[in-house]
Amino acid sequence: MGEPLFYAGLTAIYCATALVWFVAPVASRFGRVLLGSAQYAPDAMLNAGVLEWVHVALRSSRHIFDWTAGYPLSNSLAVTENLIGWQVFYTPLRASGVGVVAAYNVLLLLSLLISGLGAAAFCRRLGASRGGAAIGGFIFAFMPFHVAHSIHLQTMGVCWSPLALLFLDRLLERARWADAVALAVVFVMTALSSIYFGVLLAILIVIYAASCVAFGRYRLTWGSVVAIAASAAAWVVVISPVLIHYVRFAAANGHYTHPASLVAALSMELAGVIRVPKWQAVWANAPFAPNPYSATSTTWTTGFPGIVAVVLAAYWLVHVYRRRESRRLAAVLLCVAIVCFVLAMGPFLKLHGADPSPGMQWVPMPGRLWLVFSVIRWPLRFYFFTILVISVMTGFDRELRQKV
């Protein structure tokens, strides 16, 4: 079976899963209810409105950022996510007669498909078999932590991240300009789909590249440095017309700042790695069950990857030291997963609950970065990259199919 047929099969499997999980329960109301709104409706309605506003503004040559909901402020759309990147799919849907709600729902489902295919492709790049890649992509796309964040369409912009790492890995190996261009395109799609993940992905790229060099997976060459720098320069140029509106809005109305208490509340908890949603949990009422009064109580920190994922990832790690090359790859992936998890934990160490654990405020957490750069108020979104790495490791056989 060729690779195109393999990905066609994956598309069918992932689409069928999304249809059964998301669409079947609301099949008769697909065009009237926003997927994900059962958890938290206001943001889903806000994002649907932003999508339609940008769609209309692009057609009528209006100033996109002079959002009517923000009147009389200029550049008022900069107070939230602009979702411009989603117009690549949203505009054709609306042009073909699909309603606002149905088009929004299709975008959310499409993000899960892209997540799965991208993670599977990244698995294949790193040496997984086709069966393993299919598993890795499935786990990343439908892991509870991922699905729980469907309340925010912008958060679903993480779907492009596996492809960004795929092209970055290829760039570090051979420094081909085609990969530099592809990385720039994927980064632009990420940033225009989610400003949050544009920032987080830039940090992830640095972490992944540094880990590859530090653990000997690749040797940094002038060719790869130039190619990555050129790719970065390209996406800066492309998205600068959008970013300038955020700069102007901040200059006119004050810079984005968030109190430390809010940043801490929206950070990952140490207990989150074993937390599961109640609909799935065997241990939902265990001591680490969510605090009902916590800002992140019900869904946002349900970070347990799943028993199958843990077993498969552990199985590969146990056997990984049989090959020197696999040891390097394992070291890179573990480093990225751990660093991203630590950053997701935010400025203060939290063992359980929304507030820093008693006496732990003094612990020097790297996530204090978010207090300096407090435009990022959701550090826990960095945990997406940890679960991406875990998902990739689930797809590995004991012996990888190629030298890595």
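Contact here means that heavy atoms lie within 4.5 Å of each other. With that in hand, welcome to a predicted model, in which local features need pLDDT of at least 70 and side-chain atom pairs count only at pLDDT 80 or more, while totals for chains, interfaces and linings use all residues. Residues are numbered from 1 along each chain as its sequence is written, and side-chain values use heavy atoms, with hydrogens and water left out.

**The whole protein**

- The protein has 15 helices and zero strands; helices (H or I, at least four residues) and strands (E, at least two) are DSSP runs, numbered from the N terminus.
- Of its 404 residues, 54% are buried, where buried means under 20% relative accessible area, exposed means over 50%, and partly exposed is in between (1.4 Å probe, protein chains only).
- Among contacts with a separation of 6 or more, 77% are between residues 24 or more positions apart.
- The accessible surface comes to about 17,200 Å², and 69% of that belongs to carbon and sulfur atoms; such areas come from the Shrake-Rupley method with a 1.4 Å probe, and for residues only the protein chains shown count as cover.

**Thr 394 and its neighbours**

- Thr 394 lies in helix α15 and is buried, with a relative accessible area of 4%.
- Leaving aside residues up to four places away in sequence, Thr 394 touches Ile 135, Gly 136, Ile 139, Ala 309, Leu 312 and Ala 313.
- Thr 394 and Ala 309 are 85 residues apart in sequence, yet 5.7 Å apart in space, C-alpha to C-alpha.

- With 13 residues, α5 reaches 18 Å from its first C-alpha to its last, close to the 18 Å expected at 1.5 Å a residue; the expected span is 1.5 Å times one less than the number of residues.
- The buried residues of α5 include Gly 136 and Ile 139, and what covers the buried residues includes α1, α4, α6, α7, α12 and α15.
- Two packed helices are described by the angle between their axes and the distance between the axes.
- The axes of α1 (residues 3-23) and α5 come within 11 Å and cross at roughly 30 degrees; axes are lines fitted to C-alpha atoms, for helices over the stretch in contact, and angles run from 0 to 180 degrees between N-to-C directions.
- Residues of α1 including Phe 6, Tyr 14 and Trp 21 take part in the meeting with α5, whose side includes Arg 130, Phe 138 and Phe 142.

**Helix α7 and what follows**

- α7 (residues 161-174) has 14 residues and reaches 20 Å from first C-alpha to last, close to the 20 Å expected.
- Because 11 of its 14 residues are buried, α7 is largely enclosed by the rest of the structure.
- The buried residues of α7, among them Pro 162, Phe 167 and Asp 169, pack against α4, α5, α8, α9, α10 and α15.
- Ala 175 lies in the loop between α7 and α8, and its phi is near 55 degrees, a positive value in a residue other than glycine.

**The loop between α2 and α3**

- Pro 72 lies in this loop, and the peptide bond from Tyr 71 to Pro 72 is cis, with omega near 10 degrees.
- Leu 83 also has its place between α2 and α3, and has a positive phi of about 60 degrees although it is not a glycine.
- Leu 83 is buried, with a relative accessible area of 0%.
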